[in-house]
Every structure is written in C-alpha cells, then in structure tokens.
Amino acid sequence: MKMRLVSVMFLLAGMLAVNAQNGTAKKKEIVANGGFIQTPITNVAYTPTRGASGLPDLTVAAENSVNAVVHIKVETKQRTMMRGDMDDDPFFNFFFGPNGGGGSQRQLEPQKASGSGVIISTDGYIVTNNHVVSEADNIQVVLNDKRTFTATVIGTDPNTDIALLKIDAKDLPTLVFGNSDDLKLGEWVLAIGNPFNLTSTVTAGIVSAKARNINIISSKTPIESFIQTDAAINPGNSGGALVNTKGELIGINTAIASQTGSYAGYGFAVPVSIVSKVVADIKQYGAVQRALMGVQIRDIDDDFAKEKKIKVLDGVYVAEVNDLSAAKDAGIKEGDIITKINGVAVKSSAELQEQVGRHRPGDKIEVAFVREGKDKTVEVTLKNQQGDTKVVKNKGMEVLGASLEEVGDDLKQKLRISGGVQVVGLQKNSLLSEAGVQKGFVIIKINNKPVRKVTDLENAVKANNSADEQDRALFITGIYPNGKVAYYAIDPTKE
C-alpha cells in the first residue's frame with residue numbers, strides 16, 4: 001500500500017518500534033482494541049458528575065478502564081526483505097528514504113516493538129491490532145499490575161486490523177463493550193494505552209466524526225468506518241482502548257493523521273460494533289465470517305448526482321452488481337441507490353460496509369433503495385466469498401495448533417507460487433511449533449499433494465487420520481516470505 005501525501009500523512013497509528021541492536025526508537029504508526037459482547041457494567045456512574053469547570057468528571061471511567069489495558073511487547077527475528085518490497089513499504093521509505101538499503105536484498109535486524117491491548121474476558125482473551133502482532137515471533141503481555149505473560153495469537157483479521165490474543169491467566173479485570181452506534185458528535189471519550197512506552201496513559205477528547213474512511217487498511221477487502229476523535233493518540237497506543245464516560249469500550253484506536261508521525265489532532269478508532277463481531281468469529285470459528293452483498297459501490301457527491309441526474313444525495317450508488325451475488329439474487333440493479341440497511345440510514349460507503357460487516361453468510365438483511373425515484377425494499381440473504389452461505393471454520397488451530405490464511409496475490413507473485421496456506425498464528429507446544437515451523441511459513445504441499453486453500457489442508461489431514469497409525473506422518477513442504485524453502489515432518493499420533 002502506498003500512502004497518499006496530501007496536506008497530512010495518514011499513518012497507521014501507535015506502534016513504537018525499537019531496534020533490538022542499538023535501541024534507536026522508530027515509529028511504526030497504528031492502533032487497536034476489542035472484545036466479546038457483554039452486559040452493560042453497573043459498577044460505574046452512567047452520568048458523570050460535573051467539576052467546578054462544568055466539564056464532566058472522567059476520573060471514575062479512567063480508574064475503571066486503566067487496569068484492563070495492557071502493554072504488548074513483540075519481538076521479530078532477523079529477516080531478509082527484497083528490494084521491491086522495501087520500495088513499496090511507506091514505513092521503510094519514511095525511515096531510510098527511497099532505495100535506502102541499496103542492492104536487491106536487505107537484512108533487517110531483529111526488532112522489538114510495543115503497543116497496547118484490551119482484556120475482554122477474565123480468562124485472558126485480549127484484543128489488539130493485527131499490525132501489532134502480524135510479524136511477531138514472540139509476544140509478551142504486561143498487565144497494569146506488572147505481571148508478564150506470553151501470549152498466543154488466536155486469530156487475525158487484516159481487513160479490520162484486529163487480532164485476538166490469549167494469555168494463561170484467571171480473574172483478570174476486563175472492559176465491557178458499549179454501544180458505538182449511540183455515540184454522538186461532541187461526546188467525551190478517553191483513549192488509554194502506552195504511547196512511547198509510557199504505560200497506562202489516559203488522554204481525553206471528543207468524538208469529532210463517525211464513519212470515516214481514510215483508505216489506510218491495505219487488505220483486499222478492507223472495512224473502514226472509523227470513529228474520529230481528538231483524544232491524543234501516539235506511537236505505542238496501538239491496541240489501546242477508546243472508552244466513553246461510563247468506562248465502556250466503544251472503539252479501538254487505529255490510526256492518526258499527521259505530518260510528523262506523532263499526534264496532530266486527528267485520531268481514528270475501529271468501532272466496537274465491528275470489533276465484537278470479528279473477535280466472536282475468531283473465537284468461535286477460527287476465522288472471520290465475511291458476509292457480502294456482491295455489489296460495487298460509490299459515494300454520491302453533487303457532481304456525480306448531476307452527471308447521473310440523481311435527486312438523492314444521502315445514499316450509496318450501486319455501480320455494478322456481481323453475477324451470482326446476494327444482491328443480484330434479491331433483484332438489486334446497477335443504478336440503484338441504497339439508503340438503509342435494516343432500517344439504519346447509510347449515507348456513505350463506509351456506513352454501508354459497517355452495517356453489512358456485522359453479519360455472517362446466511363444472515364438476511366433488509367435493504368431499502370431508490371430506483372427511478374421510487375422507494376423499494378428487498379430482503380437479501382448474504383453470501384460468503386465462495387458464493388454460498390456456509391460458515392467457514394479454520395480447523396487448522398484444532399488439528400495443527402495454527403491459525404491459517406490463504407496466501408494473497410502479492411505474496412503469491414513474490415514467491416512465484418500458484419497458491420498456498422500461510423501460518424499466521426501458532427499455539428505454544430502445538431504440533432507445528434514443536435516441529436520448528438515459524439509464523440509466516442507458507443504450506444504448499446502435504447504428503448506431496450498441493451495445498452492451495454485451507455480446505456485442501458483440512459482434507460489432507462482428514463485423509464491422513466484415516467490411514468493406518470504407522471503411516472500417519474505428515475510431510476510438509478513450504479516456503480517462508482524471504483524465499484527460504486523448508487521441509488517438516490510431524491506425527492499427529494504423538495502425545
């Protein structure tokens with residue numbers, strides 16, 4: 001992804017990176033948060049008292065939130081980065097300048113970095129940003145009481161920049177999910193995290209805007225509908241909490257707009273309405289269940305409305321309807337203007353994506369739209385990326401102790417492979433980790449049979465389980481992102 005340089009530079013905000021060799025502070029901007037759907041809290045005041053200045057007293061919300069926000073420390077091992085990857089990496093160019101490394105390869109030294117996270121269950125589930133842990137080989141979580149735990153990645157979602165971690169602990173303080181839909185412009189909020197390694201830092205501000213799309217997430221099908229706030233967010237806030245005056249979690253601090261890489265008045269958070277669905281999917285299925293309508297959409301401005309002779313400005317224009325899609329099945333056509341999803345007004349593409357993103361394949365939603373000046377409503381049964389309504393489970397975590405994702409087009413092109421399944425998370429003492437497999441490894445064959453999708457891997461494991469016990473060894477062939485080919489043998493019968 002190449003960042004746009006306009007009047008400000010949008011940076012994924014809040015991860016503080018430190019070179020493991022020389023201790024030089026470097027900024028990798030980004031931020032996050034998350035949790036499971038819970039009942040409203042009752043141990044904090046719902047209407048904050050007013051101080052002498054007339055401003056709300058935020059002390060109760062801060063005190064009830066700070067213990068549930070953790071400091072995340074990650075380590076990455078030495079890696080080789082190809083010249084082409086560095087040319088396309090805005091962070092690399094920001095620190096070293098274009099062609100700063102020279103040659104076709106550069107050895108990246110081991111790195112240490114830090115961010116934040118939020119405890120969402122008493123038994124140790126923690127939400128943070130995907131970018132905080134996506135390259136980590138070791139993750140340490142430091143609680144506010146200074147206890148330290150090693151964390152396991154349960155699953156990640158690059159489309160929302162959310163990741164779910166787990167530590168082995170009990171009776172932990174948690175943050176309860178609030179309702180981000182109820183947020184009002186001008187409402188007071190607190191940002192809690194660990195900027196610049198200053199642990200347990202609380203800043204205050206207001207909700208400046210909702211449903212912001214800043215084109216910062218570089219995945220194939222991103223969902224951006226950020227809460228904008230002027231609460232100060234800096235490198236290290238990644239994964240930190242955005243809470244309301246009740247002390248409820250309402251967002252995950254995710255990005256800043258800045259000319260310098262530090263706070264300049266604009267912060268962005270993933271709303272908890274999206275976070276709750278993502279982490280629930282990861283925990284239940286091992287993979288996010290992405291529901292799709294199957295339409296190409298665009299926002300409507302005055303110039304476009306005049307060009308298309310559209311009288312409705314509040315809505316989302318359907319530029320194309322995909323074949324065999326949920327929208328086509330329901331009768332939605334090119335040129336329709338979608339105005340509501342389940343009775344909720346959608347005035348922008350970001351708002352529409354947020355509403356659809358809350359659902360799973362097979363869910364039915366009510367879509368209101370305008371066609372040739374007439375209001376219409378249809379029921380749409382959402383589909384998955386494969387064009388059906390099945391729920392997709394990532395069984396790799398159950399069988400092999402790993403979270404798995406199909407390889408994206410960019411990595412396939414770089415490694416010159418036609419497909420594969422990448423290990424994006426590993427459980428401690430799992431079959432793969434004990435065999436020496438490291439995060440980032442791309443499985444391309446099992447027992448000499450090609451692996452192109454997660455289902456290919458599952459089928460290979462199933463076939464192996466039905467074989468005689470003495471023949472149950474799994475021989476895995478794959479490649480790491482740096483181009484190194486590796487072979488592993490694991491014994492599923494080993495206890």
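**Strand pairing and a loop residue**

Analyst: Val-189 stands opposite Gly-205 in E14. This is a predicted model.

User: How many bridges pair strand E13 with strand E14, and in which sense?

Analyst: E13 covers residues 188-193 and E14 covers residues 201-212. Val-189 faces Gly-205 of E14. The count is six bridges, and the sense is antiparallel.

User: Which residue of E15 stands opposite Val-207?

Analyst: E14 is also joined to strand E15, residues 226-229. Three bridges link them, and the two run antiparallel. Opposite Val-207 stands Thr-229.

User: Where is Ile-332 found?

Analyst: Helix H7 spans 326-330. Strand E21 spans 337-341. Ile-332 is in the loop between H7 and E21.

User: Is Ile-332 buried or exposed?

Analyst: The relative accessible area of Ile-332 is 3%. The cut-off for buried is under 20%. Ile-332 is therefore buried.

User: What share of contacts between residues at least 6 apart in sequence joins residues at least 24 apart?

Analyst: The chain has twelve helices and 30 strands. Of its 495 residues, 50% count as buried. Among contacts between residues at least 6 apart, the share joining residues at least 24 apart is 65%.

How values were computed: Residues are numbered from 1 along each chain as its sequence is written. This is a predicted model: local features need pLDDT of at least 70, side-chain atom pairs count only at pLDDT 80 or more; totals for chains, interfaces and linings use all residues. Side-chain values use heavy atoms; hydrogens and water are left out. Helices (H or I, at least four residues) and strands (E, at least two) are DSSP runs, numbered from the N terminus. Buried means under 20% relative accessible area, exposed over 50%, partly exposed in between (1.4 Å probe, protein chains only). Contact means heavy atoms within 4.5 Å. Two strands pair if DSSP finds at least two bridges between them.
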